[in-house]
Amino acid sequence: MSSRRIPLAVLPAVLVLLAAPARPARADEARDLLVQSEARHRTKSQEYEGDLVVTSKDGKERKKSWKSYRFGYAGDSKMLIRFTAPPEVKGVGYLSLPRAGKNPDQWLYLPSMKRERRIAAQDRSASFVGTDFNYEDLEELDHEKYDVKLLADETVAGQPCWVIEARPRSEAGKSLYEKKLLFLRKDLLFLVRMDLFLPGGREPGKRLLLEDVVLVDGHHVARRMTMKDLTKGSTTVIRLEKLAFDRLQPEGRHTLQNLVREGGD
Amino acid sequence: MLALACPAAAYAQTWSGFVEAKGFAYAERSLPREPWLVGWGTAQLTFEERLAPSLRLAASARAEGWSAGERDVFLDLADRDLRRAPFSLREAWLSWSVAPTVDVEAGRFQLGWGKTDGYSPADAFLPRDLTDPFADEKLPLWGLRARGQTGALRFDGVFVPLGTPWRVPVSSPRFAPVDATVAGLPVVLADGENDLPRAGWGALRLLATFGDWDVGAWGRTGIRPAPLLTVRPDEAYLDGDAVVLPADRRYAREEAGGVELSRVTGSWILRAEGAALFSTDAGLGDALIWTVGAERAFGDGTLLLTLAANARGTPVDPLLLFDRALLPAFVAVWQRTERWGSWRAVWTQGLRHGDGLAKVELSWSATDALALSLGVDVPYGSRYGPFGARPDLKRARAGVRWSF
């Protein structure tokens, strides 16, 4: 089943990663922006309910819904995700627990099997549950794994933006992409668009748009994310509802016992 | 009282289920009375409610109809009848979280134990419904269960006061063939005495995670759910185009213990299990079962490999012991998700007689709720093996399923 790999809750982390006040003035300013944003936009926890719609080139739609609970931030976060729709994946759960210096421990609960399964780190090129996102697209952007440089300013949806070119370093593992262009809103330093270039591509192969930016519990977050596969012509739209940050988490929420608890979180 | 104590309206209440129609087309048959085509319809409804933050309820009922085959009772709440009933209860449990990481459940539920895929000795004894021998459908249990976690250690204790027996295949050359003929006529088994278990079993499983390693140990004691068959050749009789051989069923006591291991190694998950099973019943004997398995994802596909065997001989043909019939065997599964749906290929190779089963399943998702499926099951090889013994089960199948 496709839903055996589900780190979808990291998406909002991508959104808040790149927000910080800064006054870039030199060529290495791109790195400075990324460093500052990472330091500033930490949240203790995050909860939301997500819905995604995948629309194929011929207009056919697929929908999925889930709930996500994160405690901690970035490489130190615990995460629980529970799918709520469609019926075929309802109840499927994913738990990720951090381990210092290593990939997180990951488990999947499949109601049809009535048991949890430890799973390995995923192939970054795999499609995420049949959407236009690949697993690499869901990873938090670790700028240390990229060579970055600042390009000329552009405007996205009427907002002036910094544009940063990020090329993955070879030692950071194989990437799907030759380069990424990051568009940061100048007023918030918030990521509002990312163009993804496949190897040898002059035009982006995919484009991620982050829209409907709101302030929730003192943190900026985009409530709508759209990934367009410009080659296949398909689109995936993710909407986040009931967002909450820095809330206390019930004891035992991020445990294997809770993962296998049917009808629970 | 419960309703007064719990503000139920404030918590989630959901209904879900599916309606499915499927058809089978068989490539062979030994008797003219066995149909070439069989239709099967199923409707299942599930209700779940969170009565309070620490109290959850679920119930699931199934209605079925099929064009060929035997049935005895209209409703079988315990699944203890020899034949599958048109109406049955799949789940009916109440779960109470007595602590943040401790739950107590009572009612009817299904278990899924073990780590290895394809075959797990921790899971293999659990009752199956072999009405369709290639479907690997588990039967739910009536019982009590306590599960919990403290730190890295988890426990799972189950008590089943009254055992649910395996539902063995219907007696026919297609589903339960006998490798013998009398005067040129095929021999079929018929239901004899069925001494249903009057007791159940209890089991405890402990699990822990240490870095890349998941380890576990389990033990159980009680009545083994799979029957032991005793045929009565002296009471054989002629029934039209076949010789009928009555077979009695009885249930033996068995004690068992096992260990489980799982390790993450890069992109692979390696799994292994070992189990020792003891019975003083001469018709069952002891067993030492081991399995090793590996799993890895390749893009949108997943490969699962499992090798399983019993290091001890069996006092009777393993085919007659049901949960050990497959051993030794190698199982390979390749499953892949596509934009249009998914497909799956399963190859099970018996290593005792060289027989096996090749299955391919394809599911096309017309919408999020509607899926069409196609598949083939091809048993092959020696007639002495669990798969080769059923050449009449070569078949193609097609189905449509609407979920809500």
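**Backbone features, interface and fold of chains A and B**

In the predicted model described here, A:P86 is located in the loop between β3 (78-85) and β4 (93-99) of chain A; helices (H or I, at least four residues) and strands (E, at least two) are DSSP runs, numbered from the N terminus. The peptide bond that leads from A:A85 to A:P86 is cis, with omega near 0 degrees. Residues are numbered from 1 along each chain as its sequence is written, and chains are lettered from A and ligands numbered from 1 in the order in which they are written. Local features need pLDDT of at least 70, side-chain atom pairs count only at pLDDT 80 or more, totals for chains, interfaces and linings use all residues, and side-chain values use heavy atoms, with hydrogens and water left out.

A cis peptide bond is also found in chain B, where B:L327 is joined to B:P328 with an omega of about -10 degrees. B:P328 belongs to the loop between β21 (301-310) and β22 (329-338) of chain B.

Positive phi angles were computed for two residues of chain A that are described next. A:L189, which is not a glycine, has a phi of about 50 degrees and is placed in the loop between β9 (179-185) and β10 (190-197). With a relative accessibility of 3%, A:L189 counts as buried (buried means under 20% relative accessible area, exposed over 50%, partly exposed in between; 1.4 Å probe, protein chains only). A:D217, likewise a residue other than glycine, has a positive phi near 50 degrees and lies in the loop between β11 (206-216) and β12 (219-229). The relative accessibility of A:D217 is 37%, so this residue counts as partly exposed.

The contact between the chains (heavy atoms within 4.5 Å) draws 45 residues from chain A and 57 residues from chain B. About 3800 Å² is buried between chain A and chain B, 37% of it on carbon and sulfur atoms; buried area is the accessible area (1.4 Å probe) that two parts lose on being put together, summed over both. Between the two chains, 11 salt bridges are counted, each defined as a side-chain nitrogen of Lys or Arg within 4 Å of a carboxyl oxygen of Asp or Glu. One salt bridge pairs A:R117 with B:D117 at 2.6 Å, N to O. On the side of chain A that touches chain B, the elements giving two or more residues are β2 (61-71), β5 (102-110), β6 (115-119) and α4 (256-259). The largest share, five residues, comes from β6(A). The residues of this side comprise 11 nonpolar, 11 polar and 23 charged, where Ala, Val, Leu, Ile, Met, Phe, Trp, Tyr, Cys and Pro count as nonpolar, Asp, Glu, Lys and Arg as charged, and the others, Gly among them, as polar.

B:E91, situated in strand β5 (residues 87-99) of chain B, is buried, with a relative accessible area of 13%. Its side chain forms a polar contact of 3.2 Å with that of A:K114 and another, of 3.1 Å, with the side chain of B:W93. A polar contact is a pair of N or O atoms within 3.5 Å; within protein, one must be able to donate a hydrogen and the other to accept it, and residues adjacent in sequence count only if both atoms are side-chain atoms. Not counting residues up to four places away in sequence, B:E91 touches A:K114, A:E262, B:A58, B:A59, B:S60 and B:R108.

Chain B contains one helix and 26 strands, and 52% of its 404 residues count as buried.
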